[in-house]
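Here is a briefing on how two chains meet. Look at the sequence and the structure before reading on.

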Amino acid sequence: MKRAIVTLFVLCAYVTLGYAAVSIPTGCSGPSQQHVVERAGSVATTALAAVNAARDNFLEWNSAHELDIVDHATSMEEGTRNLAEYRERRQVVTAAFQAAYGAIAAAAALLPLAEAGKVTQVMLLDALSEVATAIEAIRGAVDAIMEKKT
Amino acid sequence: MRTIAPSLAELLHDAKLLADLYREALVLIRKVVDRARAGNQKVEHLLSDIEDVLDVVADGRVDPQLIAHAHADLKKFDEVLSRDDATADGVLRDKFSGVNNS
């Protein structure tokens, strides 16, 4: 299951770099608003692919891990308790995914506003920054739950 | 304006319908503000910003594909988790009830 962690790390870095690629030129007031919006859209799309890949990896691990808990249970009560404990801890992961998808959707919603000049590039970058932060949070949550297991 | 992003995320479920509702609410808020304010530019600016956002949302100018994908992808996450939870619960029950579904 190290594969999931590695994939997340690579994708997270990719999105962060994409965010930087948008933010760096805007500080020079060089590129047009249209260019920034296009790059931001590209980053948001990449972020969605990254989160989906992380989601699929986590779901694969989650399914195997739950069956592993069941396999190691010596009684119905123990299995039920361990599954419940694991699912309680898993809520951090599900919340992180919910936050990431919400942040991507929010950034996507800001794109046309930025294109129309109704929100500034800084606001758009803030939204992308929140996406990057949310993806980082997924990585942290998934790392933590995979390392601890049950 | 930083609070607008999460607000927009909350509008995903039915953005246009909610935007219409919010627009009606804004009209009322604006009437109240017009009556009560004494030239408070800050409040006025905030309302204007919110209206701009609602205009774009209501006109369907948001990127529907990306937002819809994010929404659907999250839904898939929840569905698969629920399915796998049910599977694990079922395997556990079978293990200790001696039932073999295969």
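The points below cover the interface and then the salt bridges.

This is a predicted model, in which local features need pLDDT of at least 70, side-chain atom pairs count only at pLDDT 80 or more, and totals for chains, interfaces and linings use all residues. Residues are numbered from 1 along each chain as its sequence is written, chains are lettered from A and ligands numbered from 1 in the order in which they are written, and side-chain values use heavy atoms, with hydrogens and water left out.

**Interface extent**

- Chain B puts 32 residues in contact with 42 residues of chain A (contact means heavy atoms within 4.5 Å).
- About 3200 Å² is buried between the two chains, and carbon and sulfur atoms give 72% of that area. Buried area is the accessible area (1.4 Å probe) that two parts lose on being put together, summed over both.
- On the chain B side, Leu66(B), Phe77(B) and Leu92(B) lose the most area to chain A, together 19% of what that side buries.

**Polar links and make-up**

- Between chain B and chain A there are four salt bridges (a side-chain nitrogen of Lys or Arg within 4 Å of a carboxyl oxygen of Asp or Glu).
- Eight residue pairs are in polar contact between the chains, both residues at pLDDT 80 or more. A polar contact is a pair of N or O atoms within 3.5 Å; within protein, one must be able to donate a hydrogen and the other to accept it, and residues adjacent in sequence count only if both atoms are side-chain atoms.
- Helices α1 (4-10), α3 (41-58) and α4 (64-97) of chain B each supply at least two residues of the side that touches chain A. Helices (H or I, at least four residues) are DSSP runs, numbered from the N terminus.
- The largest share of that side, 20 residues, comes from α4(B).

**Salt bridges**

- Over all chains the count is nine salt bridges.
- Asp73(B) and Arg55(A) pair at 3.8 Å, N to O. This pair crosses from helix α4 of chain B to helix α2 (residues 33-72) of chain A.
- Asp73(B) is buried at 13% relative accessible area, and Arg55(A) is buried at 3%. Buried means under 20% relative accessible area (1.4 Å probe, protein chains only).
- Arg87(A) bridges to Asp85(B) at 3.4 Å and to Glu66(A) at 2.8 Å.
- Glu66(A) also meets Arg90(A), at 3.4 Å. Glu66(A) lies in helix α2 and Arg90(A) in helix α3 of chain A, so the pair ties together parts 24 residues apart in sequence.
- Glu66(A), Arg87(A), Arg90(A), Asp85(B) and Asp89(B) are linked in a network of salt bridges.

Definitions and conventions. Buried means under 20% relative accessible area, exposed over 50%, partly exposed in between (1.4 Å probe, protein chains only).
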